[in-house]
Amino acid sequence: MVKWPRIMSVSDVFLELAKRRGVAQTGAMRVYDFNRAIMRQPAPSVIDGLRDGDGPPPTFPGIAAEHAAYASALEEAGVAVTSLPPLPAYPDAIFVEDPALVFSEGAIRLRPGAPSRLGEGAALAPVLAAQFPRVLELTDGYVDGGDVLVTPRAVFIGQSARTDRTGAEALASLLATLGKSATLVETPAGTLHLKSAVTLIDEETVLATQAVAAAGIFRNFKVLVVPDKEAHGANVLRVNDVVLAGNRYPRTLDMLDSHGLEVRTLSVNGIVKIDAGLTCMSLRWWADD
Ligand code: CIR
């Protein structure tokens with residue numbers, strides 16, 4: 001008989017269900033089993049976030065609504081979200097994935113490669129110190145967390161305009177101290193981050209752009225290739241048994257559905273205008289306590 005503690009909040013029930021589901025299915029935690037996340041509320045300055053294109057900027061209410069819907073989707077997937085206050089001086093600070101990397105074993109403060117984002121790591125320091133058993137710090141080179149893809153056997157680090165070789169090698173050493181093995185790869189030219197172009201959707205499958213598939217980096221995985229017109233759709237976020245995906249990529253959504261995945265769609269119309277995707281709005285990990 002299943003024994004439940006006598007009094008549980010709704011979020012405790014979600015967490016307990018997620019925990020039991022993950023362990024029951026695999027006998028071990030999967031790299032996308034998460035019960036904790038950190039997010040940062042957007043400031044009105046988010047509309048000045050870095051972007052490559054010259055199309056219309058996003059609106060603050062639009063981004064705020066997408067951010068709130070994303071937080072709710074994480075909570076419904078069984079994740080307890082710590083929401084940090086806005087940082088008006090850093091327009092891109094809602095993209096907390098870039099200045100840090102987190103695992104159950106510990107966190108790593110990174111050094112984002114865009115000068116306007118370099119200070120974001122220090123702003124995360126207090127919350128990382130409070131939530132993780134150990135916090136390591138990248139001190140050489142530059143790495144954006146968007147260039148880091150965690151898979152069951154290796155952590156891929158993409159070298160890009162934001163992540164240099166010095167930073168990638170220094171990060172590989174820090175990962176080794178957490179017992180993780182790193183593989184250095186090239187983020188495809190013209191792509192902001194590695195995870196803009198490839199994300200993990202189950203333990204043996206990635207969703208990727210044609211450029212990533214052609215590069216052969218993920219030859220040990222099954223690769224689902226998104227249509228060229230939906231290249232931004234390759235950035236999805238697997239959380240426990242759900243895949244969060246942008247609602248503007250219909251053929252990609254069909255592919256995920258045909259692959260047998262439970263998909264939750266979210267609006268990304270605002271964040272794509274500042275070159276962002278779904279992975280970048282949270283830091284996610286599994287905490288045993
Ligand atoms: C930037 O250019 O840094 C932000 N406007 C977007 C960052 C998106 N981050 C991510 O995909 N990991």
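Helices, meaning DSSP runs of H or I with at least four residues, and strands, runs of E with at least two, are numbered from the N terminus. Residues are numbered from 1 along each chain as its sequence is written. The model is predicted, so local features need pLDDT of at least 70 and side-chain atom pairs count only at pLDDT 80 or more, while totals for chains, interfaces and linings use all residues; side-chain values use heavy atoms, with hydrogens and water left out.

First, helix α7. G260 follows α7 and has a positive phi, near 90°. Within α7, residues 250–258, the buried residues are T252, L253 and L256. Buried is under 20% relative accessible area, exposed is over 50%, and partly exposed is in between, with a 1.4 Å probe and protein chains only. Looking down the axis of α7, the buried residues fall within an arc of 100°, so they line one face of the helix. That arc is taken from the directions from the helix axis to the C-beta atoms. In general, an α-helix has 3.6 residues a turn, so residues three or four places apart point the same way. P250, R251, D257 and S258 are exposed, on the face of α7 turned away from its buried side. The cover over the buried residues of α7 includes β9, β10 (205–208), β13 (242–246) and β14 (262–266); contact here means heavy atoms within 4.5 Å.

Next, one residue from that cover. T199 sits in strand β9, residues 198–202, and is buried at a relative accessible area of 2%.

Last, the ligand. It is surrounded by 14 residues, the closest being L50, D92, D98, R117 and I274; the cut-off is a heavy atom within 4 Å. A ligand nitrogen lies 2.8 Å from a backbone N or O atom of L50. For D92, a side-chain N or O atom is 2.8 Å from a ligand nitrogen.

Notes:
Polar contact = N/O pair within 3.5 Å; in protein donor to acceptor, adjacent residues only side chain to side chain.
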